Amino acid sequence: MYTIAALYHFTRFPDPAAIRPALLELCQAQDVKGSLLLAQEGINGTIAGPRAGIDAVLAHIRSLPGCADLEWKEATAAEPPFGRMKVRLKKEIVTMGQPDVDPRASVGNYVEPENWNALIQQDDVVVIDTRNDYEVSIGTFQGAIDPKTESFRDFPAWWEENKARFHNKRVAMFCTGGIRCEKSTNYLLGQGVEDVYHLKGGILRYLEEVPAENSTWDGECFVFDNRVSVGHGLVEGPHELCHGCRRPILPEDKARPGFEQGVSCHLCIDRTSDEDKARFRERQKQMKLARARGEGHLGSIPL
């Protein structure tokens, strides 16, 4: 079995480029693969590999400045989730495009998974899903508001257009693993919202700890590795990934008009050009060749 570790941590890295070489070298030496983002605001990513390798990499990350209290979430997979290791330098570890947002300064009130249902069912609480539209489409909490954003960068504009709806309300927010809520709750506090809450550990921790019979979650949770979606107990869901648009689809969707493996699905057939599709076909060809060489699958990032 492969151990999967999903992590993020906000801290101050004055020179992220100086951290990259040793981190990448250790991952490669320990046969750990996946993707990590480094920025001046911290680290974010998902890695997978043997238990000993994951432990070694996590110990190294905890030794970095300000990372001693790093938290992460684990899962297992029978097949390697990633084909190679990437450590990339970015401006933000999750892109919101708001330079004044700093989760190290302040965030919303953390709510433990076992207390989440009681909070969101109160009349004076509005619940906002901070994830992107394709993630929300396969599952969300009962009664949650879907901003229908295509990227996290769109959230501030959506809030500005809709904030009047939430006057005199307490705002509870959630995302996959917690990182987007760190930024979105800090953003709302900066906008003058006084009572802001977010689900500690995100949907993944909720699905891991709250029994299905007590759950207010409907559907599956999109994840950024080759599992694509998970349900209660973090059991792998039925979804697959359309490699044309990176959106989750169900096995039966492959019988719908517009589906071509690695190229398009019913969600994106009309959204890409012929040139795009030709490029995707070539990419699909190269992916098949990579799999034949045993290089596996490449995943995505945000938590």
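Lysine 148 lies in the loop between β8 (139-141) and α5 (155-162), where helices (H or I, at least four residues) and strands (E, at least two) are DSSP runs numbered from the N terminus. The model is a predicted one, in which local features need pLDDT of at least 70 and side-chain atom pairs count only at pLDDT 80 or more, whereas totals for chains, interfaces and linings use all residues. Residues are numbered from 1 along each chain as its sequence is written, and side-chain values use heavy atoms, with hydrogens and water left out.

Most residues other than glycine have a negative phi. Lysine 148, although not a glycine, has a positive phi of about 60 degrees, and at 60% relative accessibility it counts as exposed (buried means under 20% relative accessible area, exposed over 50%, partly exposed in between, with a 1.4 Å probe and protein chains only). Arginine 246, in the loop between β14 (240-241) and β15 (248-249), likewise has a positive phi, near 65 degrees, and is partly exposed, with a relative accessible area of 30%.

The buried residues of helix α2 (residues 51-62) are Gly53, Ile54, Val57, Leu58 and Ile61. Seen down the axis of α2, these residues fall within an arc of 130 degrees, so they line one face of the helix, the arc being that of the directions from the helix axis to the C-beta atoms. The buried residues of α2 pack against β1 (2-10), α1 (16-29), β2 (33-39), β3 (42-49) and β4 (71-77), contact meaning heavy atoms within 4.5 Å. In the pairing of the two helices, Ala22, Leu23, Leu26 and Cys27 in α1 meet Ala56, Val57, His60 and Ile61 in α2.

Technical notes
The expected span of a helix is 1.5 Å times one less than its number of residues.
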